Amino acid sequence: MTTENTSPGTHVGSHTAGRRGLRPEDNPRLGMDRSFPLEGILVIDLSRLLAGPVCGRMLADGGARVIHVERTGRGDDSRMLPPFTKDNVSEYYRIANTGKESVTLDFKDPADMELLKHMIAEADVLLENFRPGVMRRLGLDPEELVEWHPRLIVASISGFGQWGPMAEQAAYDTVVQAYSGIMDLTGYPERTAVRVGTSVSDMVAGQLGYAGIVTALYARERTGKGTTVDISMLDGTFTLLEQGLTSPEDEGAVLTRVGNRHPFCYPFDLYECADSPIYICTANDHLWRSLATALGHPEWICDPRLKGNPDRADNWEYCGDLIGAVLKTNTVAHWLKVIQEAGVPVAPVLGVEDTRRLPQIVERGMLKELGDGNVAMGTPIKYGAWNSYGSTKDAPQLDEEGDAIRAEFS
């Protein structure tokens, strides 16, 4: 669905940019002429696939130099994952690796391992997402590395963390979603659990890895001490369950799947208009009064079944039927205007293709033009004093900077 609030944009891929809002000169708030907050920080990124590489990409967008160490010959597993650009580069790989340099090393080769140790000795941050125990077997135990290099930050991102009874279990995003409870809360009560429609456990782990690393770097500036940073995908996903964790356990209540509605607030649900759906959020009685008035039914406010939020949550089907009957009389575009003017949070349900063309996304640099004219995901962190556009370097070809890096650290 394309609404009045959307406009043509550019696919995040190998297409050239040049649309309004994509070029740096059209985004003065993004500070392309400013310096970066993490300039001078060297990151050695041993991670693969998504969670760790996303963390590394965020560090690169902050201005750090991020060297992605990949396997000789094959590289990061994500290089083989579709979809591919017209130049046969994995979009999956590009999403997580813009702004980095690439060098290939064979961990079974003593000379390559010696080079890696030289790189680590010069680094501020070492990032890895192997299964716990692998770094130790490679002779790169995180705690020992910090002992040898007291200012080093060693960040480990894994499915279940570096310790605990599940630490050494293999994990992918959906495995963690299933363990975390988030999958069980997603979907409808009469159906089976549903995976969240994106790799949320990977992405939140990458973002928490970034937060942990930056916090550790700040602490190092105060104390001179490096540290290990242990990020668990399960821990991170568990922190997203604010609704599940607020259910009244002492009353024996168990929160179950409730579809699109909020379990504790109403109206807070998806409703069908004459042409397509719309989502309305009223989290308090003031917003409810504004919505009822905007929809032309102020008498709803005095209905005892709808008086307070607990009443509406208990009688959500009755309340939803009233609202749905009104909304079906006109289009999403009409009701968006009416409900937004009333100050009630409301949104159309956009597909990703529409969202990437949304002027708000474009103007805030969430699609950015790279130095080669390709377009990539922008950085969500905006600064007043620093560059908020992020790196303009595309994801590297395999071993693209390999010769230069080997010469630098030999």
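Predicted model: local features only at pLDDT ≥ 70, side-chain atom pairs only at ≥ 80, totals over all residues.

Cys 273 has a relative accessibility of 5%, so it counts as buried, the cut-off being under 20%. Next I wanted to know how many disulfides the structure holds. The count came back as 0. For Cys 273, the nearest cysteine sulfur belongs to Cys 281 and is 14 Å away. A disulfide needs two sulfur atoms within 2.5 Å, so Cys 273 is in none. I checked Cys 281 too: its nearest cysteine sulfur is that of Cys 265, at 9.2 Å, and Cys 281 is in no disulfide either.

**Nonpolar cores.** Which residues have the most contacts inside the largest nonpolar core? I noted Val 43, Leu 59 and Ile 213, in a core of 29 residues. Then I listed the elements that give two or more residues to this core: helix 1 (51-61), strand 4 (125-128), strand 5, helix 7, strand 6 (227-232) and helix 8 (233-238). Helix 1 gives the most, with 6 residues.

Leaving out residues up to four places away in sequence, Val 43 touches Leu 59, Ala 64, Arg 65, Val 66, Ile 67, Val 125 and Leu 127. Apart from this core lies another one, of 23 residues; Val 103, Leu 115, Leu 116 and Leu 140 are among them.

**Helix 6 and helix 7.** How do these two helices sit relative to each other, parallel or perpendicular? I found that the axes of helix 6 (residues 173-180) and helix 7 (residues 200-223) come within 7 Å and cross at roughly 95°. The pair therefore counts as roughly perpendicular. At the meeting place, helix 6 brings Asp 173, Val 176 and Gln 177, while helix 7 brings Val 200, Ser 201 and Asp 202. Sorted by class, that contact has 2 nonpolar, 2 polar and 2 charged residues.

**Arg 151.** Last stop: I found Arg 151 in the loop between helix 5 (142-148) and strand 5 (153-158). Not counting residues up to four places away in sequence, Arg 151 touches Asp 124, Arg 220, Glu 221, Gly 224 and Gly 226. I also looked up Asn 88, which is 63 residues from Arg 151 along the chain; their C-alpha atoms are separated by 40 Å.

Conventions:
Residues numbered from 1 in each chain as written. Heavy atoms only, no water. Helix = DSSP H or I, 4+ residues; strand = E, 2+ residues; numbered from the N terminus. Contact = heavy atoms within 4.5 Å. Axes fitted to C-alpha atoms, helices over the stretch in contact; angles between N-to-C directions. Parallel < 35°, antiparallel > 145°, perpendicular 65-115°, else oblique. Nonpolar A, V, L, I, M, F, W, Y, C, P; charged D, E, K, R; others polar. Buried < 20%, exposed > 50% of the residue type's maximum accessible area, 1.4 Å probe, protein only. Core = buried A, V, L, I, M, F, W, Y, C linked by side-chain atoms within 4.5 Å.
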